[in-house]
Amino acid sequence: MTKFAKWSVFCLGMVPFLVLLYRALSNNLGPDPADTLAAETGEWTLRFLLLSLAITPLRNIGGWPKVFPYRRTFGLFALFYASVHFLIYLVFLLQLRWSEISEDILERPYITVGFTAFLMLVALGVTSTKAMMKRMGRRWRQLHKLVYLINILGLIHLIWILRTDLTEAVFYASILLPLLAYRVYKYYVRKTSSHINLSTPN
Ligand code: HEM
């Protein structure tokens with residue numbers, strides 16, 4: 001990844017945040033600013049999670065090997081937007097009533113699901129460095145498979161919030177399902193070919 005490409009992707013990833021900040025500072029967030037902030041940051045978290053998941057198929061099927069380093073970049077952007085999303089929830093929706101956090105997380109299923117996904121995302125962010133990759137070896141690959149579950153939990157969180165009009169959730173699901181199906185397909189191809197290799201005499 002060239003320095004220019006790195007900076008361009010970084011600047012593009014920050015655009016939604018800066019636009020939101022500008023809208024907040026210019027009082028342009030609609031009738032319920034806290035709700036708008038929560039919805040926008042939540043959606044950007046999901047979008048970056050999906051982008052990060054799309055990189056491997058783009059590399060393998062689309063023949064775009066150069067996109068691979070962006071998998072981590074998009075994952076870190078997802079973590080960034082999820083952290084802002086969580087902060088907005090704490091400050092504007094929960095209004096820093098610390099004593100109610102655990103009750104809220106444990107008793108409201110959509111918050112439980114979102115919080116679980118967030119904790120997993122933090123774990124992936126903390127272990128996303130090359131040094132951690134080396135140190136953890138095989139366990140790193142296993143841990144980072146959590147990204148599939150995080151995406152699924154993110155979608156469940158959204159479905160729980162939307163309740164009736166599921167148009168938005170159907171849109172995200174139509175992107176997520178093929179991306180997951182691709183992994184399942186790859187898994188079976190790998191399993192079958194290793195089975196054939198084992199059963200073929202040398
Ligand atoms: C990976 C983690 C997460 C993802 C992908 C995610 C995703 C989303 C999305 C897409 C929305 C927008 C719904 C809409 O369009 O209106 C949303 C809203 C929301 N999320 Fe999350 N979220 C995550 C974590 C969390 C966490 C940790 C919390 C709080 C503990 C949280 C609390 C909320 C709240 C309060 C809303 C607004 C609900 C409403 O409009 O009534 N989310 N989230």
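Reader: Is His 85 buried or exposed?
Author: His 85 is buried in this predicted model. The cut-off is 20 or more other C-beta atoms within 10 Å, and His 85 counts as buried because it has 22 C-beta neighbours inside 10 Å.

Reader: Which helix is His 85 in?
Author: His 85 sits in helix H3.

Reader: And what is His 85 in contact with, leaving aside neighbours within four places in sequence?
Author: Ala 38, Thr 41, Gly 42 and Thr 45. Tyr 81 also has contacts beyond four places in sequence, with Thr 41, Trp 44, Thr 45 and Phe 48.

Reader: How far is His 85 from Tyr 22?
Author: Their C-alpha atoms are separated by 16 Å, and the two residues are 63 apart along the chain.

Reader: Back to Tyr 81. Which residues touch the most other members of the largest nonpolar core?
Author: Tyr 81 is one of them, along with Phe 48, Ala 78 and Leu 121. The core has 29 residues. Two or more residues come from each of H2, H3, H5, H8 and helix H9, which runs 167-199.

Reader: Which of those gives the largest share of the core?
Author: H3, with 10 residues.

Reader: New topic, the ligand. Which residues come nearest?
Author: Ala 39, Gly 42, Gly 114, Ala 117 and Gly 154, out of 24 residues around the ligand. Gly 42 is also among the contacts of His 85.

Reader: What classes of residue make up the shell?
Author: There are 15 nonpolar, six polar and three charged residues around the ligand.

Reader: Which helices supply at least two of the shell residues?
Author: H2 (33-60), H3 (70-93), H5 (109-126) and H8 (146-162). H2 gives the most, with seven residues.

Reader: What span should H2 have, going by its 28 residues?
Author: At 1.5 Å a residue H2 should span 40 Å, and its end C-alpha atoms are 42 Å apart, so the two agree.

Reader: Where is the kink in H2?
Author: At Ala 54, shortly before the proline Pro 57, and the kink is about 30°.

Reader: Zooming out, how many helices and strands are there in the chain?
Author: Nine helices and zero strands.

Reader: What share of the residues is buried?
Author: Buried residues are 22% of the 202 in the chain. The C-alpha atoms fill a box of roughly 70 × 45 × 35 Å along the principal axes.

Terms used:
Residues numbered from 1 in each chain as written. Predicted model: local features only at pLDDT ≥ 70, side-chain atom pairs only at ≥ 80, totals over all residues. Helix = DSSP H or I, 4+ residues; strand = E, 2+ residues; numbered from the N terminus. Buried ≥ 20, exposed ≤ 12 C-beta atoms within 10 Å, placed from the backbone. Near = placed C-beta within 6 Å. Nonpolar A, V, L, I, M, F, W, Y, C, P; charged D, E, K, R; others polar. Expected span 1.5 Å × (residues − 1). Bend = angle between axes of the 7 residues up to and from the residue. Contact = placed C-beta atoms within 7 Å. Core = buried A, V, L, I, M, F, W, Y, C linked by C-beta atoms within 7 Å.
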